[in-house]
Amino acid sequence: MRIGKENLVAQLQLHNEKALEYLVMEHGERLISIIRKHLFTLPHLQQNCLGSTIQAVWDHVDSFQKDNEFENWIGSVARYCCLEYLEAHQEEATIAWLIQKEIAEEKEMMATCLGKEERELFYQLVEAAQGKGFAYIQGKFCDVYALLNRIDTDIFEYEKEPLTLQEKEEVLKKIQNRKKEKKRKFSLKRYLKATELQLS
């Protein structure tokens with residue numbers, strides 16, 4: 001099946017590997033521009049963060065809500081992955097205070113798009129969901145990738161930054177290796193949907 005803009009999300013949700021390739025080839029340059037902007041103090045981690053962003057989109061595409069623009073959502077996923085990298089690799093930066101400032105400013109910028117309750121939830125999720133993407137907060141299951149649908153990130157505001165075909169292929173190769181290392185993640189959301197269908 002030919003992958004295009006109109007069926008990309010559906011094919012990603014079906015875990016079609018050609019859709020993954022299309023995602024990297026079509027959106028890789030915009031995503032790396034977001035990542036380079038936020039990880040300018042950690043240039044050696046930018047490629048890894050791009051891989052993590054694509055992996056997060058692949059793993060959490062079921063959290064995308066169709067009332068949002070897909071490009072907006074993947075831009076927010078990239079910004080969230082940058083936050084995770086900044087927090088995890090602060091000690092590697094030569095200007096540690098600058099990273100602290102960048103983390104605080106980025107959290108604040110992302111949170112301004114949210115209502116009061118969602119803003120509080122976002123801050124709690126960023127602290128609790130590091131690397132997992134979800135957490136139990138106040139006795140309920142919360143998915144940070146679903147909340148990212150509410151954050152306004154216009155991916156087209158970012159200038160495309162060059163990403164060679166070889167770099168795109170390296171990112172794909174890294175993701176393929178990660179997928180081989182671990183089988184497809186268990187998705188509580190998919191499990192609950194399947195259970196609901198069986199019960200009805």
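Visitor: In what order do the elements of the protein run, from the N terminus on?

Guide: This is a predicted model: local features need pLDDT of at least 70, side-chain atom pairs count only at pLDDT 80 or more, and totals for chains, interfaces and linings use all residues. Residues are numbered from 1 along each chain as its sequence is written, and side-chain values use heavy atoms, without hydrogens and water. The protein has nine helices and two strands, which are DSSP runs numbered from the N terminus (helices: H or I, at least four residues; strands: E, at least two). Their order is α-α-α-α-α-α-β-β-α-α-α.

Visitor: What share of the 200 residues in the protein is buried?

Guide: Buried means under 20% relative accessible area, exposed means over 50%, and partly exposed lies in between (1.4 Å probe, protein chains only). Of the 200 residues, the buried share is 50%.

Visitor: Among contacts between residues at least 6 apart in sequence, what share joins residues at least 24 apart?

Guide: A contact has heavy atoms within 4.5 Å. Take the contacts between residues at least 6 apart in sequence; the share joining residues at least 24 apart is 69%.

Visitor: How many of the 19 residues of α4 are buried?

Guide: Helix α4 covers residues 70-88 and reaches 27 Å from its first C-alpha to its last, close to the 27 Å expected at 1.5 Å a residue. That expected span is 1.5 Å times one less than the number of residues. The rest of the structure largely encloses α4, because the buried residues number 17 of the 19.

Visitor: Which residues of α6 are buried, and which are exposed on the other side?

Guide: Phe122, Leu125 and Val126 are buried in α6. They cover an arc of only 100 degrees around the axis, so they sit on the same side of α6; the arc is taken from the directions of the C-beta atoms from the helix axis. Exposed on the other side are Lys116, Glu117 and Glu127.

Visitor: Lysine 107 counts as buried; at what relative accessibility?

Guide: Lysine 107 is placed in helix α5 (residues 96-111). Beyond neighbours within four places in sequence, lysine 107 contacts Leu83, Glu87, Phe122, Tyr123, Val126 and Glu127. Lysine 107 counts as buried because its relative accessibility is 12%.

Visitor: Is α2 parallel, perpendicular or oblique to α8?

Guide: Helices α2 (residues 17-38) and α8 (residues 165-181) pack with axes 10 Å apart, at about 140 degrees. Axes are lines fitted to C-alpha atoms, for helices over the stretch in contact, and angles run from 0 to 180 degrees between N-to-C directions. Under 35 degrees is roughly parallel, over 145 roughly antiparallel, 65 to 115 roughly perpendicular, and the rest oblique. Therefore α2 is, relative to α8, oblique.

Visitor: Which residues does tryptophan 58 touch, not counting those up to four places away in sequence?

Guide: Tryptophan 58 is in helix α3 (residues 46-60) and is buried, at a relative accessible area of 4%. Its C-alpha atom is 9.9 Å from that of leucine 14, 44 residues apart along the chain. Tryptophan 58 touches Leu12, His15, Asn16, Glu17, Leu20 and Lys179.

Visitor: What is the positive phi of histidine 15?

Guide: Histidine 15 lies in the loop between α1 (8-13) and α2. Histidine 15 is buried, with a relative accessible area of 15%. Histidine 15 is not a glycine, yet its phi is positive, at about 55 degrees.
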